[in-house]
Structure formats: structure tokens, C-alpha cells
Amino acid sequence: MSLPIPQPPAIPFIGNVTALDKDVPLFSQVLLAKTYGEIFKLNILGTTLISCNTYALCNELSDEKRFKKFIAGGLLEVRHVLGDALFTGTAEEDGYGIAHRLLMPAFGTISVQGMMDDMRDICDQLILKWARFGPEAVLDPADDFTRLTLDTIAYCSMSYRINSFYTEGQMPFVAAMTDFLIESDHRSTRPRVVQALVGNAKFEKDIKTMTDLGDRIVAERQAHPTEKKDLLNTMLHSRDPKTGKGMGDDSISRNLITFLIAGHETSSGMLTFTVYHLLKTPDALRKLRAEIDSVLGDRPAQAEDFGKMPYLKAVMYESLRLTPTAPKRGVTALEDTTLGGGKYFVKAGTPIILQVWNMHRDPAVWGDDAELFRPERMLDGKFEALPSNAWQPFGFGTRGCIGRPFAWQEVALVLATVFQKFDVSLADPSYTLQIKQTLTIKPKGFFIHARPRTGKAVFYATPASTLRRGAEDSSQVTSTPQQQKGKPLYVFYGSNTGTSEAFAQRVANAAPSHGFSASIGTLDSAVGKIPTDGPVVIITASFEGQPADNAASFVDWLRHLEGSSALPGVRYAVFGCGNSDWAATYQAIPKLCDTLFEERGATRLVSRGSGDAGTAAFFQTFDEWEAGLWEVLVKEYGTAGNQGKESGGFEVRSVDSGKERAVALRQDDALLGRVLENRVLTRHGPVKRHIEFELPEGTTARAGDYIAILPQNPPRDVHRVLARFGLSNEEEVVISATGPTSLPVNKPVKLWEVLTGYVELGQPATTRDLTILHQSAAEEKTKSHLEALKASYTDAVVSKRISVLQILEDHPDISISLGTFLQMLPSMRVRQYSISSSPLWNPSHITVTVSVIADSAHADNALLGVGSNYLANLRPGDRVQMAVRPCAAAFHPPADPRTPVVMFCAGSGIAPMRGFIQERAVQKAMGREVGSMLLFFGCRAPDQDFLYMDTELKQWVEMGVVDVRPAFSRAAEGSEGCKYVQDRILKDRADVSAAYRQDAMFFTCGSGNAAKGIKASLVEIIREVRGVSDEEAMEWFGKVTMGRYATDIFD
């Protein structure tokens, strides 16, 4: 007996239309597959559609004896233009059959190789445009590749020049085509009565724009014949060998439009996705570049070269696997049948959608790393050894894409040429893939820089996060040497949150006062071109042991640099930013850079500095290291400068005293989420909150990811600054600076906005700050106090978190300018919080679980955690600057929901675990088989901070989704005598061991101390089970948890 095919709850009359995202239905298909599994069905306005998501089912559907291509949904609407042409025709239609038989040979390998010169003609136009725009230009590769592929298919197949690269704005055909395809998809899910209200005028106008071009091309060829053996002549003059018929003008026009749509849209998408994957995978880019250089050198690529470039081929295979530009195809059964070995009954004629996007991620074929871009999986015969029909980006069988050889050669040529000629980089290093969907898909909001590989080195500095750009419409800050005389000095940074970038800016700004002229740039901008005519200062961070987004290519390049004299003449210094709570990976990237520079022949100028963001002395540590750096540099290079200069070219000038309210500055809404709920989870004691957001449009998240928030200082502290300097909250200023800064410069801006969002007001004063304040104090009593603070800095300042603002308030005789005060403050840092929800619950919403930091020990002007208090005071409806940041690849729920999971956490560390459990709860509610989940959770007491236990957790326990094992530190009698998670682990060691034997995945989220205790208990269990020493047990822990234990540790 067959099983029912699962289906989401339907709405009368319209069915499951609302289950599909209006703009990117692919996202909905992915989430539905994750929820319902290998197969599900949807009711779209009364029509049943079956979706299949696994290799096993898609392989079965690839049997052309049982199934045939089905034209439905948006593709059926496309027939308004294409009719019975190759893409939308049916096998029974004469027009399709004649065109297919005539044109198939025209796209053969030999014929396509003969188009190489014409392809290069258009490719050279792209290269010329990028070269002329220059290295600092922000390029839109999706737009440029669309121009390239449209011109290529038109010129190679029709000898017709569209000249897209000489057209301002979007080409009319492309604009009409895009709108037409989007509208076709919408019409397929729109009730007829609604469609009647929407009307058809725009739809028909777009159809006319496209058909006019097709008719014009045919008419021009008929009026001006040519002997060239292109596809257009084939259609005009050839006869079908089966029927003896030729193609009529209407059929020729429809197939020309088919080539222009299908022949350019998918190829441009493939090119754009491939560039994205390579830029996000520096190791693959390096290998591809080496292969291109080895095979081509400086000469143009020829068709025969591509056979000598296996890595390029693997890159293209892998790009199409991970991001197939045609992410689905439709079939229908020729007669009533079953799928899945008899499990599911399917009636003949029912539309069945093969979700190629999902099939290409099936772990059964592609492994547990199926979400990663890894071209090596396609090398050395692995592609050829894949199961039949496992890779289907070009469709399948007789209805597969006949233009595959054309597209393959075109894409290979463009990729080889682009990376031969340019160093390509992300305009926004933190960009994560967003998708735009018509009938095909492309990256959305993806921009690059293309710098010619020859010529003078150009170092560029991009903001560490798009969140820190504020209202400025810019993807780049100053990177050229400052206009001062002096010895060249180069400052390179790797930064995601902005701290390393801010430190780099401080070094660059201080350079003139020490006799140096500084250039500043990201580490990625220095790949392969480390200067030797001046000292090189590297300031970089680690993120879970990985480099910052704008340092990934540099670190990959450095790791693969060979030879003990690879960096001769380079003199360098390294300062690392990190958090010691991530003990296993603390300072990993700074250590690596420092070590490899020395091993490759560079000379270290000063010992590596290590700043620990988990301590209050973080900024003081940098100040001390920077002071030592300048002392060495001045001595080594014999420079001299004006060290008494207070502001270093930094000035704040008032332009509006605030008597008249200025129009508020507005920020780009593209990264603005909206608060939907903000509630307290705890009954008493330290406050923890649950906050729900609506994500910015087009943004998606996975369970386990982070949300990056750009917070604001508490209004109380901003008022304190204004009061201390005697300024109005309406004050408007213009900030000017000769060096790099993260503040808004050279334009009027509200001082309130600067103090609220651009600087950190609560950070402890550094000894450098104390020195500046000492120089500006009028009274001896104040000077003595400041000297005492410096003498007992750790106890007197760091432990009490005494800020510059607090010192100024306590000592009115200290007279400093507002500009000096702002220069003393660190830039506002982006804060990251673990997402505590699953997209299966709601793909457009997320929740976070936050501990609110408030220091009641210092009642007067008590310390308020900037990020947590900003979140705590948000109200429903508030807009918040945010961006989703992916977590470590391992810190996601297992792809197979049947895999058991064991989770260890304490306090707000429950956040990602809640998302994991919620995901399993949704899957189980929809009928999927799910593995056991064991949650070890530490808190104070069941009546105080047992988070979610009265609501969601209780429900999920009752559903049988999760088994909760609490540990109450202040009510141990309620947790079987266990005060902490590590105690509960040892008590329930039998269950932990059993889960391990069942191949469970293990996750830890919490503070560094909690993580250490959890690890100690797990090591103790191993010691007991295996009967080994403590040292041996620790070694075994590393072995047995490899690939099965992921941690997310925070301060």
C-alpha cells in the first residue's frame, strides 16, 4: 500500500500559494524539503504539484520510458512568446521537432569551436571595460556577464551585434525579458480574478519588445543575406531530414528569442555564481590561477587549451552543482505509477518537479560537506564515477540543453581570461550569497573590484562590515598614501567587526607625527605585493580560528608561499585581536602571519602584540604595543616628526547650534530589520530577553547562524557627553580628517548621531588617554589623581571600567576639545548574537536570546552593556541595522534529521540549541522521522532563569523531540544534586556514552569557563571507559570528537 505524500496546510481556493516566497520561491522549496523530506506536494490554485528532492527519486524520474518533460507553471506562461520553440515546445509539436533536428548538429563540438574567435571578440569588450573603469570601480558582474552572454549568443548564432557594452543602463530586451519572466511566474500562482484586476498591458508590452527584436533580426538577414554558416542561416535555408519541411519566419523568430533568453541567462548566472564561489574560497582561486598561468601564460586562450585545464573544468562542474542556474525541471508520468520503490502513488499527467538544487546537495551522493564549494570532488575521475543522473544542471536526456557545448566553451573562455588579466576581489568582503530569481537564478547585490595584474600595486581599504557604512553610499574608504612627507609605512588589517580596522586607522593617523607617510589597506589587497621600501604593520583578528573576510585570500596566499627567502627585504610587525575564551583558536591567524613572515625571510621589528577582547584591558594592550612600535620604528628608520600635535589633522567644527531642527539623516533601509517582540524570560536576577525580528528583505538564515547588530550607546551616556561639553542635542557638526577614520567626514551631521552610533563611550580609558588628560588638567589635585590611576592601572581603571567620560565628569578642570575626545574613543563595534530560531519555523523571522549586562556594583553611572542594553530597549516596530553572519560550517543541525544530537549549554548559550530543537520539532510535526535530542542546560534555579521551560521547551519535551537535563547552580536539589552542566554530564554519563555509540553529534555553546568544565567531564568519561591516563584521555577526546563535536564559545 502506498504512503500519502505530505503537504503543507492549505487555504481554501488558493491552496498552498502562500507557502512559496513571492520573490525567491527557491528558498521556500529548500525549506519545505527540509521540513517534509524527500517528497511533498503543493496545491497551487487547484493544480497539484509534486516536488522530489533526493537523488534516489530524481534518478527514478530521469527514466524517459516512464516520464516526459512537462510544461507547467511559469514555463507555460512563457509560451506566450516562445510557443513551440526548443525551450517550451512539446515533443508532439511539429515546430519543436523540426527545430530540434535542424539545430542539434549546429551546436556540436566542432561547430562551437569554430565560434571561438567571435566569442573572444565579445569577451575582449568585457576585459576592456573593466580595465578602463580602473581598480577602484565597483563592478556589477551579473550585469556585465549578462551583457557579455547576450552579445555572445547574438553574434555567434546570428552574426548580429547588440552592442550591450556600448549601451547606457539596462538593455531594453533584457529589461523586458526580466519583467516578463518574473510576471510569468507570478501569473502561474495568481487567481484569474486577481489577474483580471492586474491587467496585461505591461506583460504584452514586454512580449512586443522581445518579438520585435526577433523579427528585426530575421528581416535584416533576409534583406542582407550572408554566406556565414551561423544558426540563423541554418534556420532560414535548411530542411528537416525527417519531414522535408523548413522553419517558417514565426518559428525562426521564436527560436531566436529562445536562444537570446536561454542562451544568455543561464550562462551569465553561471559566470556570476562561479566568480562568487572562487572569491569566497581563496584556496580554489589560487589553484585555478596557477593552472591558468601555467597553461596560458600571457597569450589568449584557445579552444584546445581547455582540455589541459582540469581544475577549471572541476570549478565549473562544482559551481553548477552547488548553484545550478536552472534549479528545477518538470516531468510527468506517461501512465499511473509509483515512486520510491512503490511508496508513493502518482497519477499520469500530474506535474512533478525535480528540485535539482536539493538533489545536488543530497548527502547520500555528495557527503556531509555538500553545502561547501569544493572543486576537488570533481577531479581525478570522481565526476565520471558519480551515480547516473546525479548531476543535472543542463536538464536531462532528449530535452537536455542543446547549447551545452556552446555555454561550456563560453564560460571557460571568460573565466580563464578574467582571472588571467585581473585580481578580482569582493567590494564587500562580508557579502554572503543572496539570490534573485526569475525562471533562472543569479546572485543579487554582488559587487566586485577588478584590478589589472600588471602595473603599480594599489592597496585598498574597505569597511570591515557593511553595517558600519551608515548613511554613506560607499563601498570604499581612502587607501592611497596620505599627502605627507616621510618614510613610507604600510598598514594592513583583517577585520570583520571593525576593531582591527580602527586600530589600523590609529596607526596610519599617528604616522605623520613620527615622520612616516602611511598607506592603509586590507590584507587581501596586499596579496603577492608586500612592500619592501618601508615597514609593514599587520593588525588582524581570528574568527573561530579563521581569517577575517577581508584577509582570507591573503592568509591562503601566505600559507602556500614557498621558500625561506620568499619575502626578502620585508620588515614587519603584527598585532593580533582575539578573545581568549576561544582558547583553542585564540590568536590563530596573527600567530600564523607572524610565524610565516619570519619563516619566509621577513624581519620582525617588534614582538607580536596580543589583544584580548575578553578583558577590559584590550585597548590598553594595543596602546602599549603601539607605543613600543613607534619607539622601534623611529630608531630603526631615523625619522622625526611633530609628536606634540594633538589632533593629527582631525577637527570637529560646529555648523548648527541646534536652534533649528535639521532634517534627520536617513540610512539605507536595505539592512534594516524590524522588531516584532521583546520580552523578558527571567523572573528575577540577571535579565535575559527573547527578541523576535523580521529580517531585512532578501535575507535568509540557518539554525546556528549569527545575527550581527550595529548597536547604539545608551541615551543616558550620550546626554552625559553633551552636558560635559555644554552642547545641545540638536548640535550639528562637520568632522574633517586628513587620515582614515570611521566617522562621517566632510558633511553636516548631528552630533547626537555621532555620539550614539559611531564611537564606544563606555570603554575603559587607556594609559595613553590618561596621559592626554593629564596634559590638559589645570589642577595639581587632578594631575595627581591621574598619575595614581596610571600607577595602579589594572585595579584602578580596568577592573572598575573607568571611562574617559567618567574622568571628565569627575574633573571639570580638564579642558580638551570635542575633537580630541572623539579621537580617544574606539569605533563602535558590531556585536554578534546566536540566532535562537529555525527558518523552518518562519523563514523571514529570527529570534535571539540575550543576557542584558548591567553593572549594579557601580550604581553611579553604572556600566551598561552597549549591545545588550540597546537590544533590551527596543520596542516592536523599531528598525535595526543587522546582517546575518554564517557560523562555523560544523555548527549547524545535521543534514539528516535522524542523527541523534547532544547539546551542552548554560544561560543564553541555549540560543542556538533552541533553534536546533525547533527545527526538529517542525520536522517531526510534519511527519518526518527524527533522531533523539539530549539537552544539558545550566542555570540558577527553576523559578528564576530556566529559559523557555514554561513554553516552547515544555511543548517540545511533550512532543518527544528533546530530553532536558537541567543543572541548577542555586537549587541543586532540583537537578538531582548537580550544580553545573559538567556535573550533570558525569551523573548521566551512561546516556552520553549511549548517544556517542549511536553516532550522535555533540554541540557546546556557552562561556569559556562553562566550555572548559564540559570538556573536562567528557574527557573524564573517556578516561573511565577506556581505562587510560588523563593525558591519554585528552588525546582520545581529540580523536573521537573529530567531525562530531562543535563549539560556540563566547565571553
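Modeller: Helices (H or I, at least four residues) and strands (E, at least two) are DSSP runs, numbered from the N terminus. Residue numbers start from 1 along each chain as its sequence is written. This is a predicted model, where local features need pLDDT of at least 70, side-chain atom pairs count only at pLDDT 80 or more, and totals for chains, interfaces and linings use all residues.

Colleague: Thanks! Where is cysteine 401 found?

Modeller: Cysteine 401 sits in the loop between α16 (363-366) and α17 (404-421). An unreviewed UniProt entry annotates Cys401 as "binding site"; such annotations may be inferred rather than shown by experiment.

Colleague: Why does cysteine 401 count as partly exposed?

Modeller: Buried means under 20% relative accessible area, exposed over 50%, and partly exposed in between (1.4 Å probe, protein chains only). Cysteine 401 is partly exposed because its relative accessible area is 42%.

Colleague: And which helix holds valine 194?

Modeller: Valine 194 belongs to helix α9 (residues 192-198). Its relative accessibility is 34%, so valine 194 counts as partly exposed.

Colleague: Now the sheet: how do strands pair in general?

Modeller: Strands of a sheet pair through backbone hydrogen bonds, either parallel or antiparallel. Two strands count as paired if DSSP finds at least two bridges between them. Here, five strands form an open sheet with parallel pairing, in the order β30-β29-β28-β31-β32. The edge strands, β30 (963-968) and β32 (1045-1050), each pair on one side only.

Colleague: How many bridges join β28 and β29?

Modeller: Strands β28 (residues 901-906) and β29 (residues 933-939) pair in the parallel sense over six bridges. Methionine 903 has leucine 935 in β29 as its bridge partner.

Methods. Heavy atoms only, no water.
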